[in-house]
Amino acid sequence: MIRRICGSELRDVLHVRRALEVEGARLAATARTDADLAALTDWMSRRERARREGDQDAFVRADTGFHTTIIHSGHDALLTELYRGITEAVAASVVATSAPPLIERVEIAHQNLLAAINARDPDRAAAEAGRVIDRLLAPREGGLGAYPP
């Protein structure tokens with residue numbers, strides 16, 4: 001069972017995710033192997049299928065797997081270990097932000113992130129990773145205040 005987070009705790013998790021995932025995407029774009037890319041593509045397919053079928057549990061597993069695999073694809077052992085330490089919080093943040101309309105805000109950015117890693121473009125990958133989290137941090141013009149406490 002994944003615990004629920006919201007408000008300032010969700011904001012804090014998203015800030016930490018942004019810090020780790022931006023650098024992780026930058027590293028993945030330059031260090032990823034063909035096997036890493038295949039794994040990322042598989043996670044993206046699972047993620048899209050779960051979203052389409054409305055399977056929340058499968059979506060959370062697939063989205064968390066996608067982001068974890070990006071970090072792993074950077075082949076930086078310390079970053080991978082740090083991220084592994086927050087995996088439960090990452091999954092909880094996915095639960096909190098994967099319902100409509102928030103999920104629509106990040107769909108294109110996820111696809112663009114995968115494309116940038118595929119193209120081995122570290123600057124674009126970092127920008128897209130940041131865009132995913134930034135869109136979650138500002139679900140409407142009210143910013144984080146839009147998340148319930």
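**Exercise 1. Which residues does Thr69 touch, not counting residues up to four places away in sequence?**

Before we start, a word on the model: it is predicted, so local features need pLDDT of at least 70, side-chain atom pairs count only at pLDDT 80 or more, and totals for chains, interfaces and linings use all residues. Residues are numbered from 1 along each chain as its sequence is written, and side-chain values use heavy atoms, with hydrogens and water left out.

*Solution.* 
- Step 1: find the residue. Thr69 sits in helix α3; helices here are DSSP runs of H or I with at least four residues, numbered from the N terminus.
- Step 2: list the partners. Thr69 touches Asp36, Ala39, Leu40 and Trp43, where contact means heavy atoms within 4.5 Å.
- Step 3: look at the polar side. The side chains of Thr69 and Trp43 are joined by a polar contact of 3.1 Å. That term stands for a pair of N or O atoms within 3.5 Å; within protein, one must be able to donate a hydrogen and the other to accept it, and residues adjacent in sequence count only if both atoms are side-chain atoms. The Thr69 side chain also reaches the backbone oxygen of Gly65, at 2.7 Å.
- Step 4: check the burial. Thr69 has a relative accessible area of 12%, so Thr69 is buried. The cut-offs are under 20% for buried, over 50% for exposed, and partly exposed in between (1.4 Å probe, protein chains only).

**Exercise 2. Work out whether the span of helix α3 agrees with its number of residues.**

*Solution.* 
- Step 1: get the expected span, which is 1.5 Å times one less than the number of residues.
- Step 2: look at both ends. At the start, a side-chain oxygen of Asp55 comes to within 3.4 Å of the backbone nitrogen of Asp57. After α3 comes His75, with a positive phi near 55°.
- Step 3: see how covered the helix is. Of the 18 residues in α3, 13 are buried, so the helix is mostly covered.

**Exercise 3. Describe the salt bridge between Glu107 and Arg47.**

*Solution.* 
- Step 1: recall the rule. A salt bridge is a side-chain nitrogen of Lys or Arg within 4 Å of a carboxyl oxygen of Asp or Glu. The structure holds 12 of them.
- Step 2: take the distance. The closest N and O atoms of Glu107 and Arg47 are 3.0 Å apart.
- Step 3: check the burial. Glu107 is buried at 7% relative accessible area, and Arg47 is buried at 1%.
- Step 4: widen the view. Arg47, Arg51, Asp63 and Glu107 are linked in a network of salt bridges.

**Exercise 4. Are Arg32 and Asp34, partners in a salt bridge, buried or exposed?**

*Solution.* 
- Step 1: confirm the pair. The closest N and O atoms of Arg32 and Asp34 are 3.4 Å apart.
- Step 2: sort them. Arg32 counts as buried at 7% relative accessibility, whereas Asp34 is exposed at 60%.
- Step 3: Asp12 is partly exposed at 40%, and Arg11 is partly exposed at 29%.

Note on methods:
Helix = DSSP H or I, 4+ residues; strand = E, 2+ residues; numbered from the N terminus.
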